[in-house]
Amino acid sequence: MVFRKLPGVSASGMGLRLSQKFVFLLFLSGLVTLCFGALFFLPDSVRLKRIFLSKTESQPVTVGSENDDMMLSRSKTESASKDEKVTSSSNQGANTDTSFDYNKFKKCLLKPPLGIEHGKPSDPQTLQRREKVKEMMKFAWDNYKSFAWGKNELRPLTRNGHIGNMFGGLRGASIVDSLDTLYIMGLMDEYNDAKEWVETSLDLNSNGEASLFEVNIRYVGGLLSAYYLTGEEMFKRKVMVLGEKLLPAFNTPTGIPRGVINLGSWSWGWASAGSSILAEFGTLHLEFVHLSELSNNGIYTEKVMNIRKLLNKIEKPHGLYPNFLSPVSGNWVQHHVSIGGLGDSFYEYLIKSYLMSDKTDEEAKKMYYSALEAIEANLVQKSPGGLTYMAEWRGGILDHKMGHLACFSGGMVVIGADDGAPEKRQHYLDLAAEITHTCHESYSRSATKLGPEAFRFDGGAEATATRLSDRYYILRPEVIESYMYMWRLTHDPKYREWGWEAVEALEKHCRVEAGFSGIRDVYAQTVSHDNMQQSFFLSETLKYLYLLFSDDDLLPLEDWVFNTEAHPLPVVRKSCLQGEGGTHDKTTSE
Ligand code: DMJ
């Protein structure tokens with residue numbers, strides 16, 4: 001367009017009429033917008049793009065369409081991945097709203113997290129047992145540090161590290177999983193080493209396919225707990241960066257996340273096809289609510305509430321939740337129901353969501369008790385020998401098998417006993433005790449006094465494994481987890497005795513020269529080791545044992561809910577956090 005002064009028309013100093021100036025400005029602003037938009041389509045390596053879409057850009061994240069989400073996640077995740085190293089020293093994590101008031105949070109707890117004296121029990125035998133568990137933790141940790149530092153797990157027989165492919169290139173799973181255990185046990189030198197490693201070496205810029213579930217329960221859960229227990233801002237910054245990287249997993253037509261996510265690529269949140277697993281997409285709620293709390297960004301809560309909304313709406317066979325769901329169609333893929341692997345922690349997170357919400361999340365409560373009713377009606381069985389167990393359900397046909405993983409359910413039922421219908425309270429306490437008893441039987445009926453991966457109640461079997469492939473024990477925590485909750489809620493001394501039996505068996509059969517190892521056959525007199533010290537042994541098994549031999553004021557259940565990897569997360573007391581008040585019991589000191 002050519003601009004020139006027209007005779008008889010008033011013009012500005014530049015010689016343009018007002019309307020012409022307006023058109024010109026319109027054209028100019030359109031051009032600028034176009035150029036800026038085009039930047040998004042340039043490869044990351046182009047300098048111009050790095051200059052204009054700099055890392056300091058912090059857009060508010062809002063929920064919109066699937067495509068909107070992808071764009072938002074793209075820019076924010078990208079900024080996190082490139083910023084993470086910088087922010088760890090500059091005190092500004094991406095998506096971190098530093099306004100979270102840690103001191104106020106502490107005041108909203110009912111009791112000091114570590115009790116009066118770190119939960120030190122008064123009777124000498126219990127104290128001695130607790131010291132033994134602490135020694136086991138130190139032994140497991142020292143060997144991990146000597147032979148596998150920075151790797152995900154220790155291989156205690158070959159004395160080297162294991163990386164595996166669950167965490168998409170993330171390292172140090174045993175370190176992140178151990179932070180809170182070391183801290184509550186008062187192993188402060190070890191805790192400080194772990195903290196320093198997280199600060200200097202936990203590289204969140206990894207690029208690879210990771211399990212959304214595993215990264216969430218171990219890394220997000222571990223970092224959240226470490227933050228809430230210690231108040232170290234570094235943990236908060238790290239977890240916020242990691243949390244953002246998980247958001248693209250939800251870019252599916254239904255919002256049900258894929259199980260596998262590529263941590264290094266913003267353009268594809270997911271990396272695998274196929275069904276999503278109930279225990280995986282149903283085990284995000286606790287951590288995601290806390291990510292929203294810390295960032296003051298509701299997107300994490302929205303993502304998990306969206307999952308819940310779909311699960312609430314969809315038809316459930318006999319009120320049961322099958323284990324596989326298509327993230328594309330939002331329909332169940334097959335009718336296999338299990339309280340063990342594939343289903344387990346979904347149910348756990350329903351009741352824990354209710355408890356963690358300070359008992360305000362009525363929807364979670366309703367879903368939990370209805371699910372439990374359906375489980376009782378369809379899956380809970382009594383063996384000829386009088387053992388109560390949870391069978392699996394395959395399209396209406398029962399498989400009389402219970403997995404070691406399903407043994408967490410004793411603990412789950414007992415923590416929910418109080419909030420069920422009043423007339424059912426005793427029934428839930430009994431059910432929890434019966435399941436825990438059955439799981440203990442699966443241990444005491446083996447030669448090693450450790451339980452198999454799965455045990456059966458058919459063909460004459462009663463709480464024993466009948467298949468060779470079910471006979472292994474990989475240092476799993478679920479049975480001990482139920483002992484811990486049963487002890488806390490009933491104070492029946494048998495649970496401490498059962499926990500001690502497990503300590504002795506672990507010492508005898510799983511302790512090797514350089515750490516602890518799983519075993520291949522719990523029924524063999526002479527054990528064969530699998531050469532793996534799982535990170536959940538440090539995070540869960542040893543933590544639950546330590547709590548079992550501690551007083552109840554170490555991480556009191558009124559204030560703390562354990563995620564499925566045993567990382568304690570605080571109850572969210574909204575009214576206290578948003579108001580002036582504090583509820584801290586002033587008669588106790590830390
Ligand atoms: C842990 O990672 C968690 O407890 C998870 O919920 C199930 N599997 C292991 C321990 O067995």
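How many bridges pair strand S11 (residues 392-394) with S12, and in which sense? The legend to the sheet S8-S11-S12 gives the answer.

This is a predicted model, in which local features need pLDDT of at least 70 and side-chain atom pairs count only at pLDDT 80 or more, while totals for chains, interfaces and linings use all residues. Residues are numbered from 1 along each chain as its sequence is written, and side-chain values use heavy atoms, with hydrogens and water left out.

**View 1. The whole protein has 20 helices and 18 strands.** Helices (H or I, at least four residues) and strands (E, at least two) are DSSP runs, numbered from the N terminus. Of the 590 residues in the protein, 58% are buried; buried means under 20% relative accessible area, exposed over 50%, and partly exposed in between (1.4 Å probe, protein chains only). A contact means heavy atoms within 4.5 Å. Among the contacts in the protein with a separation of 6 or more, 69% come from residues 24 or more positions apart. The protein has an accessible surface of about 23,900 Å², and carbon and sulfur atoms hold 54% of it. Accessible areas come from the Shrake-Rupley method with a 1.4 Å probe; for residues, only the protein chains shown count as cover.

**View 2. Strands S8, S11 and S12 form an open sheet.** The order is S8-S11-S12, and the pairing is antiparallel. Two strands pair if DSSP finds at least two bridges between them. Strand S11 (residues 392-394) and S12 are joined by 3 bridges in the antiparallel sense. Trp393 has Leu398 in S12 as its bridge partner.

**View 3. A further open sheet of 3 strands runs in the order S5-S6-S7.** Its pairing is antiparallel. Strand S5 (276-277) and strand S7 (332-334) each have a single partner strand, so one side of each is left without a neighbour in the sheet. S5 pairs with strand S6 (residues 324-325) over 2 bridges in the antiparallel sense. Opposite Ile277 stands Phe324 in S6.

View 4. An N or O atom in the side chain of Arg476 lies 2.7 Å from an oxygen atom of the ligand. For the side chain of Glu540, the distance from an N or O atom to a ligand oxygen atom is 2.8 Å. Thr564 places a backbone N or O atom 2.7 Å from an oxygen atom of the ligand. The ligand taken alone exposes 290 Å², and the protein buries 92% of that.

**View 5. Arg129 lies in helix H5 (residues 124-148).** Arg129 is buried, with a relative accessible area of 10%. Leaving out residues up to four places away in sequence, Arg129 touches Arg496, Glu497, Trp500 and Phe549. The side chains of Arg129 and Glu497 make a polar contact at 3.2 Å. A polar contact is a pair of N or O atoms within 3.5 Å; within protein, one must be able to donate a hydrogen and the other to accept it, and residues adjacent in sequence count only if both atoms are side-chain atoms. Arg129 and Leu548 are 419 residues apart along the chain, and their C-alpha atoms are separated by 9.7 Å.
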